[in-house]
Amino acid sequence: MGEVRLEVPASPEFFRIARIMVAGVASRVGFTLDEVEDLRIAIDELCFALVGRGGRLGTLSVQYEVGTDDLTVRGTGHFADGADEPPVLSALSEQILGAVVDECEVSGGPDGPSFRMFKRRAG
Amino acid sequence: MAFDNKERDELRHRFHEYAKTRDPALRDELITAHMGLAEYLARRFTNRGEPLDDLVQVASLGLLKAVDRFDPERGLEFSTYATPTIVGELKRHFRDKGWAVRVPRRVQELHLRLGAVVSVLSQEHGRSPTIGEIAQAAAVSEEEVLEAIEAGHAYRFTSLDAPTGNDDEGALSAQLGEEDQGLIDSEHRVTLSPLIAEFPRRERLILHLRFFEGLTQSEIATRLGISQMHVSRLLARSLAQLRARAEGDESS
């Protein structure tokens, strides 16, 4: 249905923009507040997994793919400060993500560490 | 605050005594006697979107410090000495735990107002409302709703200090059914993160219900008798703290 792209410095103070945007895009799809909250928690969790609490030198690009009743979000870190190892999710992070989105994965790769998450609207 | 001369002399005498003896009972008495000052100063900060109870607690901490550090030999009135200490404590509270991103007053107010709007809509529809429905009911734009929701996360987001306080612990125990009590007390909660075990019971229960039992924020709100927005704030805060602690563990 459409796609929205966002590129922000790879630092936690910019995650709020990614959260506001996920909420905005989700609202287009007709997600309920509960689901919007879930998406916000998920994107936070994944951004932190990619960038860490201290932030990285470089940027984080986030891509929101709007479906008719679902939303896919992909994020990729473009870091200037070294290693691009695949992000590691803690057991607790996995548990949290499993509860708030339908699908979620993190991976490394030539373009930098990345995540993908997917959520379908209920009802 | 408003003490008559006799009371003021009496208190001065007690401060001298406390300076010498450091008797905890005397200290409690002095704190109690000046709670009015702490409350008065806390009230001056209530327009910033924090519950008065929390503020009074912060102000009491300032009061406690002031009682401990006050030197009656210097001839200063206690209230003169304590006021900047208490105000300093309140300001630090807002700096440390306040809105991490500067949230304009109108957004803070809308955030607080939406709590009630969401509750009413949830009851009417029997499900969580959409952003569009919230905007319509609150007579604001969807963008304003999004901003206000985000404000709940900005709120206290930088708070990395561990204790979230056992505020309304008593009230919570009264509300909880046996099932919830059992849940919090079960070993369940620590299997994935011993970090969760250190949280206050209410936060622990919310984390458990949301991420382990799969209840929605609205369902948790109903179960605990608080608003969905409140659940959202508590979750955001807990997750930020978990993150901070997890990282602390790794680096230590």
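This is a predicted model: local features need pLDDT of at least 70, side-chain atom pairs count only at pLDDT 80 or more; totals for chains, interfaces and linings use all residues.
**Confidence in chain A**

Chain A has a mean pLDDT of 91, with 97% of its residues at 70 or more. Within chain A, confidence is lowest in helix H3 (residues 91–100), where the mean is 92. It is highest in strand S5 (residues 114–120) of chain A, at 97.

**Fold of chain B**

Chain B contains 14 helices and zero strands. Its pattern along the sequence is accordingly written α-α-α-α-α-α-α-α-α-α-α-α-α-α. Of the 252 residues in chain B, 35% are buried. Among contacts in chain B with a separation of 6 or more, 61% are between residues 24 or more positions apart.

**Contact between the chains**

The contact involves 33 residues of chain B and 23 residues of chain A. On the chain B side, the elements that give two or more residues are helices H7, H8, H12, H13 and H14 of chain B, with the ranges listed below.

| Element of chain B | Residues |
|---|---|
| Helix H7 | 131–138 |
| Helix H8 | 142–154 |
| Helix H12 | 201–212 |
| Helix H13 | 217–224 |
| Helix H14 | 228–251 |

Which element gives the largest share of the side of chain B that touches chain A? H14(B) does, with nine residues. Sorted by class, the side of chain B that touches chain A has 16 nonpolar residues, eleven polar residues and six charged residues.

Note on methods. Residues are numbered from 1 along each chain as its sequence is written. Chains are lettered from A and ligands numbered from 1 in the order in which they are written. pLDDT is the predictor's confidence in each residue, from 0 to 100. Helices (H or I, at least four residues) and strands (E, at least two) are DSSP runs, numbered from the N terminus. Two residues are in contact if their C-beta atoms, placed from the backbone, lie within 7 Å. Ala, Val, Leu, Ile, Met, Phe, Trp, Tyr, Cys and Pro count as nonpolar, Asp, Glu, Lys and Arg as charged, and the others, Gly among them, as polar. A residue is buried if 20 or more other C-beta atoms lie within 10 Å of its own, exposed if 12 or fewer, and partly exposed in between; C-beta atoms are placed from the backbone.
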